[in-house]
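This report goes through a two-chain model, its interface and a selection of its side-chain contacts. The sequence and the coordinates come first.

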Amino acid sequence: MIKYLKQYRFYIILFLFLLIPIIAIDTATRSPRNYWPHDRAIISLTAPIQSVISWGLDLLVSGFQNYVFLLHTRQDNLLLTDENRKLLNTIAGLRETEQENMRLRKLLNFQEQFTLESVVARVIARDVSTEFRAIRINRGESSGIQKNMPVVTNEGIVGKVLRTTANSADVVTVMDLLSAVDAIDERSRARGVIEGYTDDTCLFRYVLRTDDIQVGDILISGGVGGIFPKGIPVALVSKVNRKPFGISQDVEVKPIVDFSKLEEVMVVTKAEHVPLPQEPTVRKATSAKLTEKGETPTESKGTAPPASTPSGKPAPVHAQ
Amino acid sequence: MTRLLFQALNAPVLILLTAVGIAIQTSLFAIWPLNYFQPDIVLIVVIWCALRRNFVEGGILTLIAAHLAELHSAVPRGTFGVSYMLVYLLVRGSSRMLVIPDLSSFVIVTLFSSLLMKISTATTLHLLAPDIQVLRNSLFLLFPGAAVAGLLSIWGYQWLEKFDNFTYKNRRSEESLEQDLNLDSEGF
């Protein structure tokens, strides 16, 4: 036996090398998986490095934006060079803080609109592969983040949490090739699924050919699947190709969120259910019934105003 | 003794360096437009393992490096394992037939391996999930990715060569160590 093992050692090892990755493939369902302890150890090593590099890059970019690009202005004001330099340094810091403040304020407004409980996190790294579009954020289980939690910005949906460690989490974005988000056309209420396609485009699939889809339409999350709250903007329709035959039409969409400038995101830890506003006729009937009983009719207490869209129009709330 | 210790540390340190390399790659090349020119650190390590390690050690290191890459990606588990193992076996096989003597040959091998890696990953993904639209993006980034990988490999292999020299992992050091151990055992 040992003799044969020695004789065919090379082929056995070759077979094992080919077998191990094939066994590891679990794309059939691609269910969110957790890290093993040794994976967590590696992530705890690499995540701080990613944070430091990301922070350094931010500093460099803000340095360029706030100092190097202002060199010509500085030459025009030679008399005030010393004073200016000090002021520019201070302004550079303040401007960065102000921009961050504005972004966070927008996030907060968004949070209030949708009555969400959330954790704000910073993007520290992107996917190792150019084919996939995941991002890593600097918040994890210690901040209450769990798998499958939706990740949004003030603009719209970013993606959902794929895996977590204590201090970081991987987010699979709507641009990812294997991402699928149930969505509705805000105007025509046509329903479909948004799937990743290229670096800046997604596909709106399974939309019936007869559905009314037009370029510029806003697509909002449909709420099916239980991950994303209903009514959050996901993408804008950029191209419609309606064939003369067939069941569905080809629709290309551009994500609402600008992924090239994504710095902070909001992980939704709890999304409250928004009660449906009553129809005027229903409301009248209810108030009449209440008057008959001698009770005072009251307005239904909505936990949030209807979701607004980037176009400024209030998004209609529909039954799921 | 020190040489033995350094040699034993070679593989774990190489794994750590790969992890650090991936961390740098994913964060430094995260901003637009650098994300289109992301090099593949793991590919360089895999090719180095294929050409400078024995079959078993190189294969195990390849599987570990592929796993490290998967930890930093949303790619389905095992996809990189298949692709990098394919690259490893092909480079190793071709080194038996072709002469790959110096740095410039290594760079050419890297360029072709990068193309092969992308095509292999796209094919694996297409076979696993035919509905996903992977080909367009892969083809678009096929040559920029290969060019950057080739460029980085010029320094990458030099650093790996120095690292192997430092840890007595190169062929000459190993032969010298073996001779020393033989002499020790014979009482010299």
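## Fold of chain B

Along the sequence, chain B reads α-α-α-α-α-α-α-α. The model is a predicted one. Chain B has eight helices and zero strands. It comprises 188 residues, and 51% of them count as buried. Among the contacts in chain B with a separation of 6 or more, 76% are between residues 24 or more positions apart.

## Interface between chain B and chain A

The size of an interface is often expressed as the accessible area that is lost when the parts come together. For chain B and chain A this buried area is about 4500 Å², with carbon and sulfur atoms giving 67% of it. Chain B contributes 51 residues to the contact and chain A contributes 55 residues.

Between chain B and chain A the count of salt bridges is zero. Polar contacts do occur across this interface: 11 residue pairs are found, both residues being at pLDDT 80 or more. On the side of chain B that touches chain A, at least two residues each come from helix H1 (2–28), helix H3 (55–71), helix H4 (79–97), helix H5 (103–128) and helix H6 (135–140) of chain B. Sorted by class, this side of chain B has 31 nonpolar, 15 polar and five charged residues.

Gln38(B) sits in the loop between H1 and helix H2 (41–52) of chain B. Is Gln38(B) buried or exposed? Its relative accessibility is 9%, so Gln38(B) counts as buried.

The side chain of Gln38(B) takes part in polar contacts with both chains. Within chain B, the side chains of Gln38(B) and Gln25(B) are joined by a polar contact of 2.8 Å. Towards chain A, the side chain of Gln38(B) reaches the backbone oxygen of Asp127(A) at 3.3 Å. Leaving out residues up to four places away in sequence, Gln38(B) touches Asp127(A), Val128(A), Ser129(A), Thr130(A), Gln25(B) and Phe29(B).

## Aromatic pairs

Over all chains, the structure holds nine aromatic pairs. One of them is formed by Phe10(A) and Phe55(B), a tilted pair with 4.8 Å from centre to centre and 40 degrees between the planes. This pair crosses between chains: Phe10(A) belongs to helix H2 (residues 9–24) of chain A, and Phe55(B) to helix H3 of chain B.

The two rings fall into separate accessibility classes. Phe10(A) is partly exposed at 41% relative accessibility, whereas Phe55(B) is buried at 11%. Ring pairs also link Phe10(A), Tyr11(A), Phe17(A), Phe55(B) and Tyr88(B) into a cluster.

## Salt bridges

Side chains of opposite charge can pair when their charged atoms come close. The count over all chains is 13 salt bridges.

| Salt bridge | Closest N to O distance |
|---|---|
| Asp170(A) and Arg136(A) | 2.7 Å |
| Arg187(A) and Asp217(A) | 2.8 Å |

Arg40(A) is partly exposed, with a relative accessible area of 27%. Glu141(A) is also partly exposed, at 34% relative accessibility.

The salt bridge of Asp170(A) with Arg136(A) runs from strand E5 (residues 169–173) to strand E2 of chain A, so parts 34 residues apart in sequence are tied together. Both Asp170(A) and Arg136(A) are buried.

Arg187(A) and Asp217(A) form a salt bridge from loop to loop. Arg187(A) is in the loop between strand E6 (180–185) and strand E7 (191–196) of chain A, and Asp217(A) is in the loop between strand E8 (202–205) and strand E9 (218–221), so the pair ties together parts 30 residues apart in sequence. Arg187(A) is partly exposed at 42% relative accessibility, while Asp217(A) is buried with a relative accessible area of 7%. Elsewhere in chain A, salt bridges that share partners join Asp58(A), Arg122(A) and Glu264(A) into one network.

Technical notes. Residues are numbered from 1 along each chain as its sequence is written. Chains are lettered from A and ligands numbered from 1 in the order in which they are written. This is a predicted model: local features need pLDDT of at least 70, side-chain atom pairs count only at pLDDT 80 or more; totals for chains, interfaces and linings use all residues. Side-chain values use heavy atoms; hydrogens and water are left out. Contact means heavy atoms within 4.5 Å. Buried area is the accessible area (1.4 Å probe) that two parts lose on being put together, summed over both. A salt bridge is a side-chain nitrogen of Lys or Arg within 4 Å of a carboxyl oxygen of Asp or Glu. A polar contact is a pair of N or O atoms within 3.5 Å; within protein, one must be able to donate a hydrogen and the other to accept it, and residues adjacent in sequence count only if both atoms are side-chain atoms. Helices (H or I, at least four residues) and strands (E, at least two) are DSSP runs, numbered from the N terminus. Ala, Val, Leu, Ile, Met, Phe, Trp, Tyr, Cys and Pro count as nonpolar, Asp, Glu, Lys and Arg as charged, and the others, Gly among them, as polar. Rings of Phe, Tyr and Trp (its six-membered ring) pair if their centres lie within 6.5 Å; planes under 30 degrees apart count as stacked, over 60 as edge-to-face and the rest as tilted. Buried means under 20% relative accessible area, exposed over 50%, partly exposed in between (1.4 Å probe, protein chains only).
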